[in-house]
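Please look through the sequence and the model below before reading on. The paragraphs that follow move from the meeting of the chains to a sheet.

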Amino acid sequence: MTLLTRGEMHEFTAANQRFVYLVPSAAVFRLDPVSEAVLDTLGDRILTPDQLADGLADRFGLENVHATIGELHAVRAVSEAGAWPDDQLMQMPPADMPLTTMVMNVTSKCNLACTYCYEYGDDRITDSACGDQPDFMSEETARQSVDFMFRESGENKVAHLNFFGGETLLNFKVLQSSVAYARERAAALGKEVQFGLTTNATLLKPHIIEWLAENRIGVTVSIDGPQDAQDEFRVFKNGRGSYDVVVPKIKALLQKHPTRPIGARVTLTQQNLSVRKIFQHLTDDLGFWEVGFAPVTTSTFRDYAIEDEGFDSMLEQFQQLAYEWLEHTVDNRHHAFSNVRDTIEELHRGVSKAFPCGAGLGLVGVGTGGDVALCHRFAGSDDHAIGSITGGMDRVQQRAFLEQHHIDNKPECHTCFARPLCSGGCYHEAHTRYGSTTAANLHYCTWIRRWTDTCLRIYGEVAERNPQYLAQFEN
Amino acid sequence: MKHLRPINQKASKIEATVSRPDHDVRAMQGGSPGPHIPLGCSFVFSPGWEVDSTGGTAGLCQPVERDLFDCYITCFWPAHVPDHYNYAPDWTAKCAAAQQDWRNIDLIFP
């Protein structure tokens, strides 16, 4: 006799409707009154279909209830008790997965000395100051990196080249030659290339801004907010804050670079958690199109590591901004809070990740010397290399990395409803906290679950109140 | 589906899959392109122990006689092979290579 139990899911309510987020498929369904009643009756129990239908037949009709059970079963919102999940074998991406994004560290040097920096700070992985990687990437290495990118991009029509550092503008010469060369190669190969660059904005000058705009280079500015926040950690080597230097340059950039959206990327620390105040300053006062926040990556004992109450406050403010974003979105108005937009996109696509991000998969970081690592955060680290620009991707090493880091090998994640989106979290964060990229980031599990729940509610609201908005995320 | 409304793209794909009229269980010889993954003992990746992708036996990856060993060593098939743990540990002692020596396998009467 078939015994039924609830499938793995997270229920949520939005716009006065009930929804289920099914795990691990990441499908979102809206329930009708019959399916609501079936799931409520089943609860945590194990029942036969007849037992389940009996109590509900009077209200909805026996046939109707059985049909509903059939639908819930088909989408795995209910399943046979004790049944093996049928996706037992680890599902791996194709062995020759093409490269989508290459992050090129054009220099490991920086003119700022931000205390929390993962390149130079106390938790750094590579010895940027005294290691054997060159301080600046040479033009020759940059050219070879571009060739590597196109070679590894396979059948992909578009390649993304992101410049990272150190401070990228310290090596402006190589930026210029790389962009020109990448365009030339893209034209020859019949491909398209898109560029992005991260900078601390201190070295922006009119001719650089002009070059960025002309070349349609997306710019992300690392900035922590108003003067007090910015000057707390984002300081020059003599300890002087950088706010007064960067603000006029950012204003010029925003004014003269209209070809691509300019985003701000904020690092949150225990000392700097006024998310709403920062957001308001960066959008209203400075005029950024997008603002994204990320908590600092750090060992637990650093004084800037965010404590539990800090995470609560951060979540509360994220939620407030998310609901603000919702009201804007329902009215088809832009809102700059990019954290929620990115998650809504993933929810709408129904992304269910085996890996937390594209690192080592469709994204790699290239160090100044030409070593290919998992991502920009590991660039230059011998322990995390997966190839070289001249030798290409080391497919054996890549495969071993992916097998080792697959969600199937993170047992702590297997009962979490947020795993389709989180998949254990950032490798670099795990390496810094737990000394291993394979560890799940257990220190922010609760936070991630609460944030995922918030985003699901926001998503449900958008789906009910302005479904046309979501069409932009569909292929 | 009448009672569940797909909201995101994944849900729509699932709905399309489960609503397809031919979504019944597909046998090995379904004729669909793609890798041949045998049913049954597929856990142990011993390919093609029943029939090949055309429904015949000509394309099997190993002689059918060897299935016997695959079934009794790696698979739970107590009704068809002797209990080699308790009662008949030596029943295949004369059969070093199944494809040549299968006739030498002893009959076991419980």
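How many residues does the contact take from chain A and from chain B? Counting heavy atoms within 4.5 Å as contact, chain A gives 29 residues and chain B gives 14 residues. This is a predicted model, in which local features need pLDDT of at least 70 and side-chain atom pairs count only at pLDDT 80 or more, while totals for chains, interfaces and linings use all residues. Residues are numbered from 1 along each chain as its sequence is written, chains are lettered from A in the order in which they are written, and side-chain values use heavy atoms, with hydrogens and water left out.

Across the interface the rule finds 1 salt bridge, a side-chain nitrogen of Lys or Arg within 4 Å of a carboxyl oxygen of Asp or Glu, and the side chains of Glu464(A) and Arg5(B) meet in such a bridge at 3.7 Å, N to O. Arg5(B) also stands opposite Arg30(A), where β4(A) and β1(B), residues 4-6, run antiparallel and are joined by 3 bridges; strands are DSSP runs of E, at least two residues long, numbered from the N terminus, and two of them pair if DSSP finds at least two bridges between them.

Methods:
Helices (H or I, at least four residues) and strands (E, at least two) are DSSP runs, numbered from the N terminus.
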